[in-house]
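The following exercises ask the reader to work through one protein structure step by step. Each task is followed by a worked solution.

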Amino acid sequence: MSARRIASRIDNLGTETAFAVSGDAAAWMAKGNRVFPFHLGDMNIRTPLNIIEAANRAAVDGHTGYNPAAGIPALRDALAEAVSRDRGQNYSAANVSVQSGGKPVIGKFLNTVMEQGDGVLYPNPGYPIYESQVEYLGGRTQPYTYVVEDGRFRFDRESVVAALDDTTRVLIVNAQHNPTGADADPSDMEWLAGLAVERDLWVLSDDPYIDIRYDGTSHTILEHDGMAERTVILYTFSKKYAMTGWRLGAAIGPESVVDVITKINTNDESCTNHFVQYAGVEALQGDQSGSANILETLRGRRELIVDRLNGIDGVSVPESAATFYLFVDVTDVYKRMGLDPDSEDDVQKFRVSTMHETGVSFCSRSHFGRGTAGEPRVYVRFAYSGIDVADAEEGLAQLKAYWER
Ligand SMILES: Cc1ncc(COP(=O)(O)O)c(C=O)c1O
């Protein structure tokens, strides 16, 4: 055996397999086929111009060198002010560590608070990086799940109780939930907060979609007593300001944790892109009409897509007031095609054959964490952040024809 090998700990590192769906879609397009992209949570909406111009100005003005590991003071101040105002907190710049996107907060937070062997409660289906980082860092995965109640997804308290044990030290909450579109019910958040206090847990409040809301008010666990001292917010500019590729976000929470996260910044990337942080200041403090337009664009897509999907025989779409995801129940279509819900090969066959026959590309349940055997329904995720109304309409007409065959 060669002495040169890949370190064995990498065996425990997972990935975001939804990117593989993009690969499939790109390969299908490269062969000259049309694809209707409902698979990725990326956006085909341009970042508002005032934000782009702020970055441009900052670069021209020479903000192109290294900067503090925790971020430029102007952005840390702006984030502390905006998040304190919107979430009823009392943060200062000392509570903010700027990051290259929201995603890095997950691994850095777990690295900071989780010992090997500690249990971590996290949503499954959910953002796959939770599972990946918990396993990579030697923690114990303790997934909790979601159920449909009164036509909407809601996290399942019983599954939280079933997953936790004496090793549990960390709770991850994604209040406006990817992939189900579930919205945090204040009573559920209060219940989770009670659990976090009783068990003295650290909490990650992963909130990329807090402002992607079409109706009502966003709630998070942070509203409840005893949360501020144990909760780190994953903040990102990616979705609200259509800035996915800029890679700008922050960890916001108790200084004891945030300071360690900044130390990890120093070890990993040194600091976040300098001039991009000025764009973040503009996003938070400048003209907000760009982000309002983004939300209206998403709202228009959502109306059409929910209507067309519900118009397909055998498809049902649980209601969702937030995010830009729909977790669609396709069990009846799937069974009509003679496929086995417990076979992952069949699930992928369903996804790929639908793309080949109709061009419509989406993600499956298994792209959001390992499923558990015997899940009663088959769901697929439609994202509408990357497809215009006209294309969505055309793709979904083809989908209807194929799934109703
Ligand atoms: C639930 C959840 N958390 C975190 C992230 C990461 O966001 P960012 O693109 O800012 O890294 C995403 C992105 O899709 C997400 O859906």
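**Exercise 1.** Does Ala242 count as buried or exposed, and with how many C-beta neighbours inside 10 Å?

*Solution.* Before the first step, the basis must be stated. This is a predicted model, in which local features need pLDDT of at least 70 and side-chain atom pairs count only at pLDDT 80 or more, while totals for chains, interfaces and linings use all residues. Residues are numbered from 1 along each chain as its sequence is written.

Step 1: recall the cut-offs. A residue is buried if 20 or more other C-beta atoms lie within 10 Å of its own, exposed if 12 or fewer, and partly exposed in between, with C-beta atoms placed from the backbone.

Step 2: apply them. Ala242 has 25 C-beta neighbours inside 10 Å and therefore counts as buried.

Step 3: Ala242 belongs to the loop between β9 (231-236) and β10 (249-252); helices (H or I, at least four residues) and strands (E, at least two) are DSSP runs, numbered from the N terminus. Its phi is near 50°, a positive value in a residue other than glycine.

**Exercise 2.** Determine whether Ser270 is buried or exposed, and state where it lies.

*Solution.* Step 1: Ser270 has 11 C-beta neighbours inside 10 Å, so it counts as exposed.

Step 1: the loop between α8 (255-268) and α9 holds Ser270.

Step 2: although Ser270 is not a glycine, its phi is positive, at about 75°.

**Exercise 3.** Describe the overall build of the protein chain.

*Solution.* Step 1: the chain has 13 helices and 14 strands.

Step 1: its radius of gyration is 21 Å, close to the 22 Å that the globule rule gives for 405 residues, so the chain is as compact as a globular protein of that length. The radius is taken over C-alpha atoms, and the rule is 2.2 Å times the number of residues to the power 0.38.

Step 2: 49% of the 405 residues count as buried. The C-alpha atoms fill a box of roughly 60 × 55 × 50 Å, taken along the principal axes.

**Exercise 4.** Which residues of the largest nonpolar core touch the most other members?

*Solution.* Step 1: such a core is a set of buried Ala, Val, Leu, Ile, Met, Phe, Trp, Tyr and Cys residues joined through C-beta atoms within 7 Å.

Step 1: in the largest core, which has 116 residues, Leu79 and Ile252 touch the most other members. The largest share of this core, six residues, comes from helix α9 (residues 274-285).

Step 2: not counting residues up to four places away in sequence, Leu79 touches Val96, Tyr235, Ala250, Ile252 and Leu284.

**Exercise 5.** How many residues of helix α5 are buried, and against which elements do they pack?

*Solution.* Step 1: α5 (residues 129-136) is mostly covered, with six of its eight residues buried. Among them are Ile129, Tyr130 and Val134.

Step 1: these buried residues pack against α4 (104-113), β3 (119-123), β4 (140-144) and β7 (168-173).

Step 2: The loop between β3 and α5 contains Pro125, which is joined to Asn124 by a cis peptide bond with omega of about 10°. Just after α5, Gly138 takes a positive phi of about 85°.

Definitions and conventions:
Contact = placed C-beta atoms within 7 Å.
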